[in-house]
Amino acid sequence: MATTSSFSKGCFVFKAKPESSGKSPRKKTKKSSNLLHRSNGDLNASSLFGKCDKSSMEIRQDSYKKIWMSTKKKSEDIISDSHKQLLHDVSQFVSENADIGQSSIPTALVALGVNLPDHAAFFSLLDSTLNAHVSPFVAMLNSKECPSLKNMVLKAIQKLTSCDLADDDAEKDEEADEIVPVKPSSKIKTFANLATWYSNVVIKTPLIIILQDLESFSTQQLQDFVLLCREYRVRNKLPIQFIMGIATTVTLQQQLHHRTSVCLATKSFQSRPSIVLLNHLIEQLFMNSSVLKLGPRLMQLLLDGFLYHDLSLSSFLMRVHLIIMQHYITLPVSSLCCSMSELIDRIKKLSAADLDLYRQVPSFMKFIENNRSKVSLLTDDKEFRSFLQKSLEDLNSYSKDFSLSCRILHCLSDGMPDALFGKSLREVYINFLIGAESEDWDRFIQLLNISTSYELQSRIQAALTTLKESDVSSALSDFSTSLVLFSEELKRLEQAPDTDTATSPKSPNVFVPKGKKLDKFELKAQLLASAKQARPTSKFDEIKSEFVSWLNSHLARQLKSPTTILFHEVFYAGSQVQSSWDIVPWIRRQVQPVPRVAISKALSDPASYLGCNCCSSNGQGSQILSTMPDLCIVYKLHTECGRLINLYDWMLSFNAIQQKDKDDENEEIEPIIQARFIRAVAQLQLLGFIQSSKRKTDHVARLTWGV
Amino acid sequence: MACDEKKRGSLALPTIQESEEDLDNVILEDIIRASRKKKECRTPSKKISSAEKSKSSDSSARKRLSRQCAEHARVKITTLFNQNDRYDRSIYAVSEDGLTSEESSEAFQPIADEEIMPRGEYGGDSEDEEAVNKGAELFGFGWKTPRKKTTLRTPLKTPTSALKQRINKTPNKTPLKTPDKGRKIISAQTPQTVRRQLRNKIVKVTSQVLEGNSDAESNGSESDSSSNDEEDRNELKLRAAKNQSMDITVNTEDYFLAQSSSVHTSDRTLNRLNNPRLSQEAVDSLMENFDDCHSKEKILLMKEYQQQFLQWIFLLREGFNILVYGLGSKRYLLDEFRTRFLDGKNLIVVNGYFPGLTIKEIFNSITDGILEHSGTFFSTVEQLEFIEQEFNNTKIEAYLIIHNMDGPSLQFSREQEVLCRLAAAPGLHVVASTDHINTPLLWDQRKLSQSKFVYFDCTTFAPYSEEISYENSLLVQQSTTLGLASLVHVFASLTFNAKAIFILIAQRQLENNNETNYHGFPFHELYSECRDRMLVNSDLTLRAQLTEFKDHKLLRIRRTPDGTEVLHIPLEKNQLEEFVQKHQE
C-alpha cells in the first residue's frame, strides 16, 4: 500500500476495490468472522489435543450476540419506561398550553441531571412522543449546531417546516386532496415566512422548539431568540413553545435578563436521578434471571466508574457491552454460559478438549482438591458431563435464590440505623456478592433482637410482599411459609395482650430505694446485680429468637456469595480465573484509561515496558542510567529543573551521562550526542512537557510540575 | 478413623519425595484447607468428611480401581496444567505466517527477521525452543518456559519466591498425595523445633495468600515481580498491558513550590558549543547512523501489540473505535494494522501531526474520495451532516486512521467535536492515536461517550521521527535564522515609507530592550510619529501597512491590559540590531 507521509498533504484516501464494494457489507462481515475463526483455529492448534473446534468459537460468538442484543433491548425498555412519566407530563404541559391566549411563551424546563450523554436518549423519546401525540412541528436544537443567532433561526425554521414535509408524505396516502400546497421549505428562511407558511397549515398544532442544552447557548443569543419568538407569537399568532433541557440547577433568571425571562411562562420538570435508574437497571439486568451476571470485582469497577466519574447510563451500558464481549471471547469456558434450556444440548456437543478446559476452572480444581473421592471426574468424560450439567443447574438456581434472598434481606434491614448492607437493593446485592462481613451480619441480628414487635411485624410483611411479587422458586417456597408463620404468630401475640408482661414489672425498683441513700458504689453494685438478673422471657422474645435463628440458619446459607459456588466462573463475568482469562484488568483500563500515567511511567521507568535488565532502576526511581533510551534520560534530567531550563546545561548533563564510562573529561560535545539530544528534546516538546520560552536566551519552559 | 486412614493410604502414589518438602506440603495444605473453611461459610458442612468415610468402607477391589484412576488422573492433570499454560499465550495470537505479511512496511522489516525473533509457535519444536532460549539469554528476559516446571495458576499464590516454588509444586500432587504418610514422616524425622518454625512460616505465608486472594491484580503483580517461574511470553504481555502500579501520586503542593521559587539558571547559551545550530539535515544524517540499544525489546513490544489486531478488528466491527496511547510513535503500528487488516477497504489516513491539515480536508477526502459525491457544500456543518447521514447505517463502511488525534491542527475543541461525531457514525470506524500528555482534557463527557473509544496502551518507544519533522523545533535549528532571512527578503520588496515605518518600530524596540515591562510600540504613538515624518497620511494607510507586516509575520500586534494596541517584532535582540544597522544606511 502506498505511503502515507507527505510534505504537502495530511489526508490520504484509499478507496475499496469496486468488486468488493458491490456487495461489501456481507463480504466484510464474512471476512472478519473468518479472521476470528482463524484466531480460534490457532488457539486450538496450540492445544495439546490438537482438535480444532470452530464450533465452540461459533457458539460463543452467537451467545455473545444474543446476550448483548437482549441486554440492549432490555436496558432500552427500562430507560424508556423510566422516562414515561416525565414524557407524559411534558407532553401534557405542551398540549395544555396549545392556545395562544397568553403573550408569554409557555416553557417547560426539564432538569435532566449532569449525565449529558444520556440526554440524547431522552430527547429522541420526547421527539417521538410529541410527534405522535401533540404536534408534528418539533424542532430540536443543540448549541453545537447553532453557533450564531442566524444559524439558530435558520435551523429552527428548517426543522419545523421539514417536519411538516415528512408528515405530509405520510398523510398523502390517506387524504391526498386536502393537502394545502406548501412552499418548498428551502425558501422559508425568516420568521415572517414561517408565519405565512403556518397560516396555510391545516392542523394548527403548536410549534415546539426544543433546546437540548440550555447552559451551552450563549446568553445574548438566547435572549435574542426568545424575544424574536415572543414577538412573532404575539403579532403573528404563531403558537411557539419552548422545551429546555437543563443539566445543572442554574435558574433561568440567572441565565437570562429579567426583560427576557418575563416573556417565558415556565414550569419545571425533574427527571429521576440517574442513580435511581442505575439501581433499577442493575436489578433488572443482573438480578432477574439473566444469563450472564457480573462478578464482584467487575460490579465494583463499573459502579466506581458510574458513581465517581460520569453518572452516565450510556457509558455504563457501553462498559457492560465490552464486558459481555470480553467474557465470551476471552473465556474459553463461556460456551456454556447460556440459558438453562440450551444447556443440555450444549454439554452434549462439547468435545474432550472443551471438557478439559472446564476442568481447569479454578473453582472446580479447588473442589477436586477438597474431594479426593471425586477424582474420577478428571478422567471420565461422561461422568464429568453429567456433573457439569448438574453443577451449572445448581448454580443457576442458586443465583436466583441468592438475588431473592437479597430482596428479602433488603426488606428486613430497610431503615435500620447505619444502613448495614446499604440503603438500596443494589447495594445489598453487591455487598453480598462481594461477601458481606460477618460483623455486619452480627449487628443486623442484634438490631433485629432489640426491635419491637410492631417493627418486626412490618419488616416481615414487607419481605412477604416481595416474595409474593417475584415468582417463588422451589427452594425458597419454604421461606415464604416460615415467614408467614412468623408473621401470624406475631399477629396472634398482638391480638392477645400478653399476660406475662403484667406480672413481670413486680421486680423491685432498685434505683430509688425508700428512705435510704445509696453511695456511688452501692448503686453500681445494685445496678450490676439487676443487670445480671435474668429477665423473664416473654412470648414475643421466644418468637423473635426463633426468627433470628431461622435467619441465621436458612437465609444466611442462601446469602453466601455465588462466587463461592462451583463453576461460577462460567456465569459470573470477571471471576477470578487464570491470568490470561481474566478480563478485569482490561476492563479496568477501559473504565479508567490512563494515557498520561502510561507516558510518565514509560519515561520514568522504561524497564517496566521494555522488560530489559539494563534499565531497571531497582526501586530507585530517580536513578538515571546511560542505557536508558535518550528520551527517558532527557525527561529525567528535566524533572530536576524548575520552571525554566537552560538548554546548554541540559545538554551538558545529557553528555555527562552518556560519557560516564569514558575518562576524558573534556566538555566537548560530540555531534552525535548533540543530535540525539536535539531529537529527544523535540520529542519531549511533542509530548507536551516543555515549550519554547522567550524569557531567556536558549531556555525552554517546563510545563509540568512535580515528578 | 483408622479405616479412613487406610483408605487414604491406598490412594497414595509411589511418589518419592524429600521428607521436608513433603512435610511442607502437608502442613501447608492442612492450613490452607482449614483457613479456607473458616473463611468460607458460617455454617460449615460436614459433607466432605462424611463422604470420605462412607467411601472408606468399600472393598479392596474398589481401592485398586481408584488407584488406577488416580494414576490416570495424575497424568491428566499434569497435561492439563501444561495445556493451561500454553493456552494462556494464545488468546488472540495469530500464527507467525499471519503476522509477517509480505508487504510489511519498511519500518517493520526487522520483525520479519527470524534471527532476532523466535517463532511465536510453541509446538515443542526443538529448534524453536533453542531460539527461545537464545533469545532469553540475549535479552535478559526470556520467555522460556520449562514445561516440566509449569505452574498451576490457582488463586493461591505466594508472594515470597522461596516458598512459592514449594507451593507451586503442590497442586500437581495435592489431589493424590497422602497426608497420613507425610505425618508419619514428621514424627519419625523432623525435630519439633524445626517443625514449629516451619509451621509458623507457612501460616504467615498462607494468611498473606488468603488475604491477597480477593484482589487478583495485586496478586498478578506479585507473581510478576518474582520473576523466576513465569518467564514466558506472557510476562511481557502482563507487564505491558496491565501496568500494575498505574498510579502516580500528584502532590498539589509541588505546583506552588514550582511556581513560587524564583528561577535560577545559568546564563550560558548554546553559543558556547562548537556548532551551536545544527541544521535539520545534519541531525537527520547523524541520527541515521545511530542505532538504539533497545531495538530488540522494542520489536518484542511491537510484536506484542500486533497480537491485538484481531481484537481491534472485532471491536471495530462491533461499533467501537480504537484509541491507542503510550510513549513512542504509533505510526508504524497503525500502518501495520492498516496494511495487514484493512487492505482493500475504504480507508482514510489522516496525519494529525501535519501542520497544514484542516478539518475541511478530512471532510473532502471522505465526500470526494469515498462517497464520490460531486456536489458542493455551503459550509462544513452541512458537509458533516451529509457525511453522518451517508454513514448512518453500515451499508457503506470506511475506516478512518488518525495519527496523532491531538496534532497541532486538531487540538481544538471544535475539531475534536467533529472527530467524535465522525467516530459516532456507525459506518465510520476510527483508529486513532494520541501522544500529548494533556490530550484527555480535550474530551468532555459527551465527546467521550459519543466516540466509544476502546483504549489500548501501546507504548512502543519508537522515535517520533515523522511527527517532529514538521515541527518548528524550539531548539538549535534554523527557526530564527529563517526568520531573519525572510525578513530581509520581504523588507527588500517594501516601499520606502513602509521600510521607514518598520525601522521606526525596530529602533524603539531596541531602545527599550532592557526594560522588562516593555510590551511594544503603542499604535497611536507610532501613528503620530509617522505623521510627523510624513510617512503616512491617515490612520487607515498605516493600518494597511501594518497588516502587510503582520501577514509576513514580521510583526506581532497585541493588546495590553489597558487596551492599547502595541506592536512587537518577534526577533532576537542581536539579530534585530544587526538588521537595523545594515538597513539604516
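The dialogue below takes up a sheet in chain A and a helix contact in chain B.

Q: What should I know before reading the model?
A: The model is predicted: local features need pLDDT of at least 70, side-chain atom pairs count only at pLDDT 80 or more, and totals for chains, interfaces and linings use all residues. Residues are numbered from 1 along each chain as its sequence is written, chains are lettered from A and ligands numbered from 1 in the order written, and side-chain values use heavy atoms, without hydrogens and water.

Q: In what order do the three strands of the open sheet lie in chain A?
A: Strands (E, at least two residues) and helices (H or I, at least four) are DSSP runs numbered from the N terminus, and two strands pair if DSSP finds at least two bridges between them. Here the order is 9-11-10, with antiparallel pairing. Strand 9 (644–646) and strand 10 (690–692) of chain A are the edge strands.

Q: How many bridges join strand 9 and strand 11 of chain A?
A: Three bridges join them; N646(A) stands opposite H699(A).

Q: At what angle do the axes of helix 24 and helix 27 of chain B cross?
A: Axes are lines fitted to C-alpha atoms, for helices over the stretch in contact, and angles run from 0 to 180 degrees between N-to-C directions. These two cross at roughly 135 degrees and come within 10 Å. Helix 24 of chain B is therefore oblique to helix 27 of chain B; angles under 35 degrees are roughly parallel, over 145 roughly antiparallel, 65 to 115 roughly perpendicular, and the rest oblique.

Q: Which residues of helix 24 of chain B meet helix 27 of chain B?
A: Contact means heavy atoms within 4.5 Å. Among them are F502(B) and L510(B) in helix 24 of chain B.
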